[in-house]
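Here are my notes for your read-through. Keep the structure open and follow the points in order.

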4 protein chains.
Amino acid sequence: MCRFLAYLGEPVFLNELVCAPTHSLVHQSLHATEAKTETNGDGFGIGWYGERQEPGVYRDVCPAWSDENLVNLCSQVRASAFFGHVRASTGTATTRANCHPFAHGRHLFMHNGQIGGYHRIKRGLEALIPDDLYDHRRGTTDSEAIFLLALANGLAEDPIGAMETTFATVRDLMQAAKITEPLRFTALLTDGVTLTAYRWACDGRPPSLYFRESEAGIVVVSEPIDGCREGWQVVPKGATLQATRGHPAIVRKGGDVCRIAA
Amino acid sequence: MCRFLAYLGEPVFLNELVCAPTHSLVHQSLHATEAKTETNGDGFGIGWYGERQEPGVYRDVCPAWSDENLVNLCSQVRASAFFGHVRASTGTATTRANCHPFAHGRHLFMHNGQIGGYHRIKRGLEALIPDDLYDHRRGTTDSEAIFLLALANGLAEDPIGAMETTFATVRDLMQAAKITEPLRFTALLTDGVTLTAYRWACDGRPPSLYFRESEAGIVVVSEPIDGCREGWQVVPKGATLQATRGHPAIVRKGGDVCRIAA
Amino acid sequence: MCRFLAYLGEPVFLNELVCAPTHSLVHQSLHATEAKTETNGDGFGIGWYGERQEPGVYRDVCPAWSDENLVNLCSQVRASAFFGHVRASTGTATTRANCHPFAHGRHLFMHNGQIGGYHRIKRGLEALIPDDLYDHRRGTTDSEAIFLLALANGLAEDPIGAMETTFATVRDLMQAAKITEPLRFTALLTDGVTLTAYRWACDGRPPSLYFRESEAGIVVVSEPIDGCREGWQVVPKGATLQATRGHPAIVRKGGDVCRIAA
Amino acid sequence: MCRFLAYLGEPVFLNELVCAPTHSLVHQSLHATEAKTETNGDGFGIGWYGERQEPGVYRDVCPAWSDENLVNLCSQVRASAFFGHVRASTGTATTRANCHPFAHGRHLFMHNGQIGGYHRIKRGLEALIPDDLYDHRRGTTDSEAIFLLALANGLAEDPIGAMETTFATVRDLMQAAKITEPLRFTALLTDGVTLTAYRWACDGRPPSLYFRESEAGIVVVSEPIDGCREGWQVVPKGATLQATRGHPAIVRKGGDVCRIAA
């Protein structure tokens, strides 16, 4: 399991959310309180939208809590949209290419969860990714494979529908392989303008997900970064959240998504 | 704070103590139970005596829990004397040269504790190390500085006396600098034949230290590696322990050491 | 391209061949003279046979020339069979899992060369590896994929025949994909008792390969480690070499191998 | 020896100078042509001035040629003043804290050269650094020590005079220690507004230094980044260069500096 954070709104320096708060993402790398694992020390990453259409990405394999480059970058970079992620590996190697967020074109994607029995469906899953997208695969995680397959399924045009299709495909592969371990998928996607958050699971136990809205913007997190619950709303199990700059976030419960997550 | 383990006795593969037990040193890197910090992820190291008079050393900056080289080496190397250490930095950088154990000639040394206000006496302490030993300084930790100064004070010939002198010197430097933070020193020294363990502190609160003796040999640890207390003896606060292959360990309480630690 | 070294014979300390000679493997990491690239700084690895049936492996991503762990291990480990490799990536990431040698059961394998247009046949090649072997895939290189496929083709029982089959399969995949870049394959395999060296290429230009025999044993290298040619024999293009402890090496030219390499 | 690059002028993306040119700094990390060493693979660093008064810094220990984070950052960050450095260690460890540029307050400093016999005067040199500046020492290099001592000597107010004093002090320490190896000092300092370049040496052989001016700004480099000499001017041996945004650079030859360098 992992911990992550996303922001969309008025430009802020990354360290205001990633490093400075009482229970910041960097603090959660050592002391997560709502995760299966307290320590998220198997690498980390940040992604942000600056002057280019494509996001910047900085990922490394050391624990976030001791990385001076991360502190330095977060104090320099100011952005109106960014992602941060601290990783607790569920089995795949600690390499940069396995660290989140994953970038493709204008998109950033990060995931907290797991595909149960992933190694048994890995090739089956990879076989579904078209060649041109598979060429962009750099690592070996389930998360990156889901992202690439979802892109093939139209993620850019329909973030929720494409991910539902992808989620269902993965679930079917797992069932065909008689895997009984759960599929849990709390994830975030952005193109720098719109943010989509998913909190789905086959066993009704998706990892935690919260958000906080203000005039300045929206923050979406695995767990509140100020160590208290005030001002934070839970994204319900089985739901998705969509936010666009300048508009209030929309939480969609039930429907097709619910059936998938049931 | 850190966690460590030492062994002296019949040759065993390192993984029998470092990796395999329920609450092995590698497990303690993620879940220490008697330390100030539960996570000891700021690097690690092993040192062992093989066919050479000088010990082998393998140290790296990643967390021990995810290092496949460590697992591999520990399953290959069999030794009658070895050290293992997982590090939780008290402020100095996560570099290989700052990881324990430190080697010099036939000796290995590792430390769990801290010199309060170290940066204020760092140069004063380093100034006391003779040139030929200072040339061997590779890192920036208090632990390495103490080791080198103790070597200058005759550590090879008189492990307890030389360390008492060194400990007193450090304490005096701290007092002169009006440092009120404590000096805590739970440490291990070996030349492959004799093992000396120190559990000293200026404030009466040295980090934990245990040992277990059998016909095969002696294991000295920060905390029991089998998750239970049976068969383990506590090294008392202010005491030293000395063990030589083929002889029962001797614990010395009180005396000069006691006065220093009082 | 890369540089490598293998030894089979009377037990020697690894540093006698890996670190100490004038033009040692570590020296070649910075100053190779017969390779396409002078610098081989994209990671390195050693593998050796100790007290276990399975070999020990130490691999890391930094350049070999500055790795103190490598120097230390090579001065401690003595073995009658070992491999050493310094890597110059042809495109895949610099991760430990992409460093050679690759280990599987009793076997070590390392490769110097490349599959032209590899990313275009990567999935096709991986699809041929049986599930139980694919589960052991840790990295993303062509070299590891070839090794696993060759194991499936019977490498343990017939090192030359299985590799011929594998080489032909890769070549066919390349032809089907209309890849015009060459397939070059200078590689080494051992189980600790027998050593097999391959020097094959589709374009008649396999990377260099030399060997030197003495009463003590055989050394097989990408380029002579003493900086001179005296005492070294070239493994001819298209040939294989097989050596077993206590017997002179056998070089097989032409035949099936030749046709493949033509 | 090392290779470096500095820019002062109209804002440009770092990759236009650091990554993209034919003989860019990243290319020089693998193929330097005017340096003592062709390979500069012992770490690297960039420093730049963004929205904060203090510069951003990103340094890492892997070779620059294979670091995807460096490529990514350089394509995102646009600055009117920045430094880039690829390192070839002259003996000190490959750690982040030993990589250039070094930052202190508003200043960035980087160095190409060496203090001959540095380990023999290391403590003497460090002893001259005032406590408050010594507290900022993170690494073990001669370069960082010179920078801190120069800051104590008034580097912020008088970049040339303070460095002359510092250079003379180091030279005197070397003479007192009867060191016959040379002191070579090609270095760059900036506060984001003014750039000072030094090309000094005790033996008349300072590392190479070039600059190119245009309406957009000034580039100062170890060796031309376009692979040709056209448009580049040599900074003479023993000289300093000073540039301020919007004004032509001033090269000062001879004088006090000359006598020091003679």
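**Salt bridges and chain contacts**

1. Start with D:Arg229. This residue is exposed, because its relative accessible area is 53% and exposed means over 50%. Keep in mind that you are looking at a predicted model.

2. What does D:Arg229 pair with? Its side chain meets that of D:Glu34 in a salt bridge, at 3.3 Å from N to O.

3. The reason is the cut-offs: buried means under 20%, exposed means over 50%, and partly exposed is in between.

4. Chain D holds a further salt bridge, between the side chains of D:Arg106 and D:Asp191 (3.5 Å, N to O). This pair also links distant parts of the chain, 85 residues apart. Find D:Arg106 in the loop between strand 5 (102-104) and strand 6 (107-115) of chain D. Find D:Asp191 in the loop between strand 7 (183-190) and strand 8 (194-201) of chain D. D:Arg106 is partly exposed, at a relative accessible area of 32%.

5. Now step back. How many salt bridges are there over all chains? The count comes to 60. One of them joins two chains, because C:Arg96 sits in the loop between strand 4 (78-86) and strand 5 (102-104) of chain C, while B:Asp67 sits in the loop between strand 3 and helix 3 of chain B. Their side chains meet at 2.5 Å, N to O. Buried or exposed? Both C:Arg96 and B:Asp67 are buried.

6. Look next at the whole interface of chain B and chain C. On each side, 23 residues are in contact with the other chain. The two chains bury about 1900 Å² between them. Carbon and sulfur atoms account for 35% of that area. Which three residues of chain B supply more of its buried area than any other three? They are B:Arg52, B:Gln76 and B:Arg96, with 33% of the area that chain B buries against chain C.

7. Polar contact across the interface involves 16 residue pairs. On the chain B side, strand 3 (56-60) and helix 3 (68-76) are the elements that give two or more residues. Helix 3 of chain B has the largest share, with six residues. By class, that side has nine charged, seven polar and seven nonpolar residues.

8. Turn to chain A and chain D. A rotation of 180° superposes chain A on chain D, with 0.0 Å of shift along the axis and an RMSD of 0.0 Å. That is the relation of a two-fold axis. Which residue of chain A comes closest to the rotation axis? It is A:Val77, with its C-alpha at 4.5 Å. The same surface serves both copies: 100% of the contact residues of chain A recur in chain D.

9. Finish with a network. Salt bridges link A:Asp60, A:Asp67, A:Glu68 and A:Arg96 with D:Asp60, D:Asp67, D:Glu68 and D:Arg96.

Notes:
Residues are numbered from 1 along each chain as its sequence is written. Chains are lettered from A and ligands numbered from 1 in the order in which they are written. This is a predicted model: local features need pLDDT of at least 70, side-chain atom pairs count only at pLDDT 80 or more; totals for chains, interfaces and linings use all residues. Side-chain values use heavy atoms; hydrogens and water are left out. Contact means heavy atoms within 4.5 Å. Buried area is the accessible area (1.4 Å probe) that two parts lose on being put together, summed over both. A salt bridge is a side-chain nitrogen of Lys or Arg within 4 Å of a carboxyl oxygen of Asp or Glu. A polar contact is a pair of N or O atoms within 3.5 Å; within protein, one must be able to donate a hydrogen and the other to accept it, and residues adjacent in sequence count only if both atoms are side-chain atoms. Helices (H or I, at least four residues) and strands (E, at least two) are DSSP runs, numbered from the N terminus. Ala, Val, Leu, Ile, Met, Phe, Trp, Tyr, Cys and Pro count as nonpolar, Asp, Glu, Lys and Arg as charged, and the others, Gly among them, as polar. Buried means under 20% relative accessible area, exposed over 50%, partly exposed in between (1.4 Å probe, protein chains only). Copies are superposed by least squares on the C-alpha atoms of residues with pLDDT of at least 70 in both.
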